Every structure is written in C-alpha cells, then in structure tokens.
Amino acid sequence: MTGRRGLSRSAVVDAATEIVETDGASALTLSAVARELGVKPPSLYNHVDSLEQLRRDVALRAVGDLGDRLVAVAMGRAGRDALVAIADEVRTYATEHYDLYELTVRARPGDDEFARASLRAVEPLLAVFRGYDLDGVEAIHAARSLRATLHGFVTLEAVGGFGLDVDVDESFTWLVERLAETLEASAARSVGR
C-alpha cells in the first residue's frame, strides 16, 4: 500500500494495473484502487479525472509495454524470422498478461498519445511487411489480417477454446508458418509483375 504522501498519478496507474492483472479489467473501480492505495476514493481525483481515464491510462501503459517488447524481439531480424518472433511475443504477452492485453486491442480515435503508443506496436510489423514488398495500404491490410489472426488465436487459447487433442503450440507454429508462406508468395507475385 502507498500512503497519501506517496500518491501520484503513476502510483494510481500502478495500483490499477495490478488490479487488472490480478482480478481482471472488470474489477477495476476507483474504490478498488483507493483500497489498494489505502486512501479514500475522492483522493484519486487529484490524479485522475474518471474511471474511464484510468482505464485508458492502464491501456496506454499496456500498449506501450507490448510495443516495447515487439520492437525488442524484432530488432536485427527480418522476414520469416521477424514475423515468428513478433507472433511469439504477442502470444507470450497475451498469455502472461491477458487482461492487460485485452485493453490494448481497442482503438481510441482522437487520442493522439494512445495512437502513438499503438503505432510503436505496429511499426515492427510494418517493417517486416516492407521486406515482403508490402507498403502503404497493402501493409495496413496485412497488419490488420495478422493482428486479427493472432488475436483470435490467443483469445481462444485464453478462454480454453481449443479442446481437440492436438498440441496447441504445434497449431500456433503451423498458423504462423502459413502466414509467412502467404507473405512470401505475395512478395514473389509482386516481383513477377
């Protein structure tokens, strides 16, 4: 717990993040954060305007963390190697921090700070796609397709949606390999034009 003297916006976001990690996003309330910090709920309004702003701040921290992790694993890699590393890291992040991961998927139109943080998470993908001769709108289509595919997989995995007696890790590897093959085939078609 943090006493009133140590209360800051960062401490409030830390406590909110811990609540989301421990009990899920639905457990995030101003009362829960105040309890965690050992203060009365009105004290929080010196640091956050509303529960929605606090949720946004936790989401901003999560998308920033995910972006940092994706940049780190993609660094020095290209092509299939980079794609596999990024896909594996998305899955790892979602497995280790599913409730925070869920907060990263919602776009927040008009929130420039969140858009910049989200772009940092997308930039490694766009760099990979440039290696497959995908740029501009084509790269955005590819990024959305990859994101939707990975999100579907990690969400189904998190909720226990894979019940057949086949190794889930093998299925994930198979999925990412097929995505890489599709990108490679697309690049080969572009070169042949």
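Against which helices do the buried residues of H1 pack? In this predicted model, the buried residues of H1 pack against helix H2 (30-37), helix H3 (41-44), H4 and H6.

**View 1. Helix H1 and its buried residues.** Helix H1 (residues 9-23) comprises 15 residues and spans 21 Å from its first C-alpha to its last, close to the 21 Å expected at 1.5 Å a residue. Its buried residues are Ala11, Val12, Val13, Ala15, Ala16, Thr17, Ile19 and Val20. These buried residues meet H2, H3, H4 and H6. In an α-helix there are 3.6 residues a turn, so residues three or four places apart point the same way. Gly24 follows H1 and has a positive phi, near 95 degrees.

**View 2. The salt bridge between Arg61 and Asp14.** The side chains of Arg61 and Asp14 form a salt bridge, with an N to O distance of 2.5 Å. Arg61 belongs to helix H4 (residues 51-74) and Asp14 to helix H1, so the pair ties together parts that are 47 residues apart in sequence. Arg61 is partly exposed, at 33% relative accessibility. Asp14 is likewise partly exposed, with a relative accessible area of 39%.

**View 3. The salt bridge between Arg106 and Glu52.** Here the side chains of Arg106 and Glu52 meet in a salt bridge of 3.5 Å, N to O. Because Arg106 lies in the loop between helix H6 (98-104) and helix H7 (112-131) while Glu52 lies in helix H4, the pair ties together parts that are 54 residues apart in sequence. Arg106 is partly exposed, its relative accessible area being 46%. Glu52 also counts as partly exposed, at 40% relative accessibility.

View 4. Glu89 and Arg69 are joined through their side chains by a salt bridge of 2.6 Å, N to O. Glu89 is in helix H5 (residues 79-96) and Arg69 in helix H4, so this pair ties together parts that are 20 residues apart in sequence. Glu89 is buried, with a relative accessible area of 13%. Elsewhere in the view, salt bridges that share partners link Arg9, Arg56, Asp57, Asp111 and Glu113 into one network. The count for the model comes to 16 salt bridges.

**View 5. The packing of helices H4 and H5.** Two packed helices are described by the angle between their axes and the distance between the axes. H4 and H5 pack at an angle of about 145 degrees, and their axes are 9 Å apart. Their crossing is right-handed. H4 contributes Ala62, Asp65, Leu66, Arg69, Leu70, Val73 and Ala74 to the contact, and H5 contributes Ala85, Ile86, Glu89, Val90, Thr92, Tyr93 and Glu96. By class, this contact has 9 nonpolar, 1 polar and 4 charged residues.

**View 6. The surroundings of Tyr101.** Tyr101 is located in helix H6. With a relative accessible area of 5%, Tyr101 is buried, because buried means under 20%. Apart from its neighbours within four places in sequence, Tyr101 is in contact with Val90, Tyr93, Ala94, His151 and Val154. From C-alpha to C-alpha, Tyr101 and Asp169 are 19 Å apart in space, and they are 68 residues apart in sequence.

Note on methods. Residues numbered from 1 in each chain as written. Predicted model: local features only at pLDDT ≥ 70, side-chain atom pairs only at ≥ 80, totals over all residues. Heavy atoms only, no water. Salt bridge = Lys/Arg side-chain N within 4 Å of Asp/Glu carboxyl O. Helix = DSSP H or I, 4+ residues; strand = E, 2+ residues; numbered from the N terminus. Buried < 20%, exposed > 50% of the residue type's maximum accessible area, 1.4 Å probe, protein only. Expected span 1.5 Å × (residues − 1). Contact = heavy atoms within 4.5 Å. Axes fitted to C-alpha atoms, helices over the stretch in contact; angles between N-to-C directions. Left-handed = near helix turned anticlockwise from the far one by under 90°. Nonpolar A, V, L, I, M, F, W, Y, C, P; charged D, E, K, R; others polar.
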